[in-house]
Structures are given as structure tokens and as C-alpha cells.
Number of protein chains: 2
Amino acid sequence: MKVIVFFVAIIILGAEWQCNGSEHEHEHGHSYQIFPLRMKTGPGGHYIPEVSCKSWRLGVEAHNVIDWRTIPQDCEGYIGNYMLGHQYRSDSKTVCREAYFYAKTINITAKTTWVFDVDETTLSNLPYFADHGFGVELYNATAFNEWVDLGEAPALPESLKLYNKLLSLGIKIVFITGRPLYQQAVTATNLKLAGYYKWEKLITKDTDKYNGKTAVTYKSTERQKLEENGYNIIGNIGDQWSDILGTNTGLRTFKLPDPMYYIS
Amino acid sequence: MKVIVFFVAIIILGAEWQCNGSEHEHEHGHSYQIFPLRMKTGPGGHYIPEVSCKSWRLGVEAHNVIDWRTIPQDCEGYIGNYMLGHQYRSDSKTVCREAYFYAKTINITAKTTWVFDVDETTLSNLPYFADHGFGVELYNATAFNEWVDLGEAPALPESLKLYNKLLSLGIKIVFITGRPLYQQAVTATNLKLAGYYKWEKLITKDTDKYNGKTAVTYKSTERQKLEENGYNIIGNIGDQWSDILGTNTGLRTFKLPDPMYYIS
């Protein structure tokens, strides 16, 4: 009987997936996939955004959907509701809680270190993205930097809680952000305003040195320098896979949700 | 105005996360986290399974929640609905579609190879798990092997579609499964019954050789042997992170959903 139920379940979803996405050459030379604007997942090809936008978001979080530049156009409403609603907060909480439970199992020394990314990891740019289609618009560096330069980004509350708990365990905090050197001061001020009062280092990106390099390369190199200086990275948390892939990733990594943009 | 909406959104979810999970020593010696049976995520600590089971599942898929032995007890209904409903199929489709779009960008030679895991990747044991609480029961090797030995596991339809498309591109298929050597014959028969007619190798686990070794070690070693024999692994798909972590992982990896069990 259960077997029959199962077969029915797989038959009713028998719609075909065609190659209805188009491929384009990426600006950095490798090809990437534009997610089909019309996602057909239901019987008869009926469009069900609640189902397929969920699948797209899961694909992003599990590192299956990569190298995208904007969210699928049809998912703006879904992603907006996700970001402003309960689920984003709950998903973040689960990650931060696991991170803390893990940290508690570690023997802490003076050099025990945890790496945090900044944007969408410690500070939230949701007020900006709420005004810019939650990732449906192409990234606009000028407008985004204007927002960053205000220094008003709020803390991500679950991340702030994790940060304080890690500090209370005696763990040193290092921020590594893709923000450029010139935003060092405003970032430091913003972190304090948001409730992050203490850190070992705040590493911003030397855009001359890392010109044309990926975030993976930049962050790996900076983590390697930390480890060469005796820091023992036991944890590493970011909203992008490029925060936690590469070398010197740390003993365990944590991926916070971010369905709004992708950095390779 | 948008900023205010945002702050309201983060304030209404201001419930605390306490360390209300307990830690136990894992049978293999490292400690792991039992997910709190009562998950409090809403205001006033009100239990919202739809929110927190979703977060738990996302945590599993993004490799944040690891080393668990059973699903949270309160999530049995949620996981059962997920597995039997539209979302599991849709999530699988998104992964397989991305995999195919990627494969199409690759120059295929006679040695171009794609690695598939078997259980919950090519074959579905959902008929079994539907009778065993969708992962809420502790793994029972005897009962599970009885089911496997029937050789009646159906194909995962999106995976079968991917498999056929990869074959038609001229890519060689290698199955690497944690199933033991003695299930080689029944697995081969089951694969054919389910519609997988052709493969380069079907690698089952020599449980003497890999006694006490993790799935990551076993699968990495077997992939390394493949590459030493000239196979060029361009893709690797599995439902467990242990299928796609380690060495010789392949040029790109794909994680299919599986919220029912965890293999380290």
C-alpha cells in the first residue's frame, strides 16, 4: 500500500524538464546558467513559484546552483517574503545554534579563532535589498556602496548572539570581508553601532593586491596568513560558499542562508 | 520605511535560543548534537514545526547539521509530507537539471566519467522508509538489508532522466555505493529493473578492506583508483555530503536532497 502511494506520488509529478534555460558566457570567461524565467514544475507545465522558487533557493544553499547574477525574476515575491518573514530568521538560528554547540566541544586556547564574514553574515543589507528587488536587479556597485558608506546596516540577530557566545567562550573573532580597504573605517564603526564591540582583526580587501582574484582566493590567502601567525581557526561562518571553500577553511564551516546574491 | 519594516521583522522573532539540545558521545568517538525535541522558534517559545523542521532540513542540505542519527521526532510528519509530496521531486529536478546544463558545457572524451551514488541517488528506498518513520527510527541494518535484497527499489525519476541524458552525451557512468559486495548482484539487477541499463562500473564496498573507514575515505579511495586508471570524473552526484567530499571529488559535485538519514 505504501509502495502504491509512493508510485502515485512520483507519477503525478511526471512533467518533463527541458533545457529551457539559456547559457551565456560569463564576464570572467566561464559559462553559467540563467535559470529559466518560466519554471515549469507542476503537471501540464503549470507554473508553481512556491515549489520551484523553494527548489531554486535550496539549490543555492546546497551549492548546486552556482555562478548566478540575479535571482529568477519570478521569485522576487517569494524571496522577499522569505527574507522579511520568519523562515530566514529561523534558518539562520539553526545554523548559529549548531555553530555554538560545536564551539562548546572545542578546547579553547589563546589562539583559538573564529572567522566571520561581514555582509549578510554579521551585518544585514536587507534594508538596501528590500529597495532593490531582493536580488532581482543586477548588482549596482555605486548604489550599494552608497548604502554601505552610511554605516547603518543592522546586526543579523542570530549572528550577533553567536558572536557574543563565542566571545564568552574565550574565542577570538576575525572578520574577513570583501569590502575594500577604503570601507575599513565605516565598517568598524558600523560593526560597533550594530553591537559587535570587540574583535582581533577586521580584514578588508586590498583591491590592488587581489585585483581579478576570486573571493575564494582572497579569503583563503588571508586565512593562511592568520594560520601562519599562529591563529587556530576552529570555525568559519559566511553566507557565501566562497567564504568557506578553498584552503585554510577552518576546522568546521557554517553556511548562513543568502538567496539574494552570489559571489564566486 | 523599508528599514522600519525590517526592524519589525527582526523584533517579532526575538525568541531566545538556548542550549536545550543535549550532547552525547557518538559511537565512533566524536561528540554529536541531538537536535532538541522541542524546537522553540516562535514568539513566546511557541513550537512551529513547519518553520523549524524546514530550518533543520535546510541545515542538513547545506551541511550545517551533521553527524545526526535520526530525524527530530517532531519532524516525522513534516519529513514524510516532504518526501511524498511535490517538493522533494521539485528539489531533485533542480539539482539534476543544473547537473545536465553543466555537463553540456564539457568537452566529452572516451574517458569522461560521471559518478553516481546508489541509495537515494539512483534508487529510492522511500517505500522502506515510509514504513519506518521517514528516519525517525534508528537505522536497522537487518530490516533495511531485507528490503534491499528484494531488489525492488524504484528509480528516482529525475536522476534516471539525468543518467539517460549523460549517456546520450557520451559520458561513462560509474556507480559507487556503500552497499557491501554481497549485494553486488541484487543491486545490478535492481538498477536494470529500475531502468538503468548501462554502466562502466558498479563499485560496491569491500567491507573487510574498508572496515572501520568512513564513507568519505572509501569513496575517495575508489574515485582515486578510477582516476589512476584514466577516468576523468567531471561530475559526482549523491544524496550524502560524504559522497562528494574528500579527495578526487570530480570537477563539480551535486547534492541531492535527503532529510531521512546521515552517513559520515
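Modeller: Contact, in what follows, means heavy atoms within 4.5 Å. The model is a predicted one. I take helix 3 of chain B, residues 76-84, as the part to examine; its buried residues are Tyr78(B), Ile79(B), Gly80(B), Tyr82(B) and Met83(B). A residue counts as buried when its relative accessible area is under 20%. The cover over these residues includes elements of both chains: helix 2 (49-61) of chain A, and, from chain B, helix 2 (49-61), helix 4 (86-103) and helix 5 (126-130).

Two of these covering elements of chain B are also linked by a salt bridge. Asp91(B) and Arg57(B) meet through their side chains, with 3.6 Å from N to O. Asp91(B) belongs to helix 4 of chain B and Arg57(B) to helix 2 of chain B, so that the pair links distant parts of the chain, 34 residues apart. Both partners are buried, Asp91(B) with a relative accessible area of 3% and Arg57(B) with 9%. Glu50(B) is partly exposed, at 45% relative accessible area.

From the cover I turn to chain A. Its secondary structure comprises ten helices and seven strands, and 57% of its 264 residues count as buried. Of the contacts in chain A between residues at least 6 apart in sequence, 70% join residues at least 24 apart.

One packing of helices in chain A involves helix 4 (residues 86-103) and helix 7 (residues 157-168), whose axes come within 8 Å and cross at roughly 10°. At that angle helix 4 of chain A is roughly parallel to helix 7 of chain A, since angles under 35 degrees are classed in this way. Residues of helix 4 of chain A in this contact include Arg89(A), Ser92(A) and Cys96(A), and those of helix 7 of chain A include Glu158(A), Lys161(A) and Leu162(A). By class, the contact has seven nonpolar, two polar and five charged residues. Among its charged residues, Arg89(A), Glu158(A) and Lys161(A) are linked in a network of salt bridges.

Elsewhere in chain A, Lys219(A) and Asp117(A) form a salt bridge through their side chains at 2.9 Å, N to O. Lys219(A) lies in helix 9 (residues 215-228) of chain A and Asp117(A) in the loop between strand 3 (112-116) and helix 5 (126-130) of chain A, so the pair ties together parts 102 residues apart in sequence. Lys219(A) counts as buried at 5% relative accessibility, and Asp117(A) likewise at 8%.

Both partners of that bridge also touch Ile176(A), whose contacts beyond its neighbours within four places in sequence include Asp117(A), Lys219(A), Val115(A), Phe116(A) and Leu226(A). Ile176(A) is placed in strand 4 (residues 172-180) of chain A, and its relative accessible area of 2% makes it buried. Over all chains, the whole structure contains 18 salt bridges.

How values were computed: Residues are numbered from 1 along each chain as its sequence is written. Chains are lettered from A and ligands numbered from 1 in the order in which they are written. This is a predicted model: local features need pLDDT of at least 70, side-chain atom pairs count only at pLDDT 80 or more; totals for chains, interfaces and linings use all residues. Side-chain values use heavy atoms; hydrogens and water are left out. Helices (H or I, at least four residues) and strands (E, at least two) are DSSP runs, numbered from the N terminus. Buried means under 20% relative accessible area, exposed over 50%, partly exposed in between (1.4 Å probe, protein chains only). Axes are lines fitted to C-alpha atoms, for helices over the stretch in contact, and angles run from 0 to 180 degrees between N-to-C directions. Angles under 35 degrees count as roughly parallel, over 145 as roughly antiparallel, 65 to 115 as roughly perpendicular and the rest as oblique. Ala, Val, Leu, Ile, Met, Phe, Trp, Tyr, Cys and Pro count as nonpolar, Asp, Glu, Lys and Arg as charged, and the others, Gly among them, as polar. A salt bridge is a side-chain nitrogen of Lys or Arg within 4 Å of a carboxyl oxygen of Asp or Glu.
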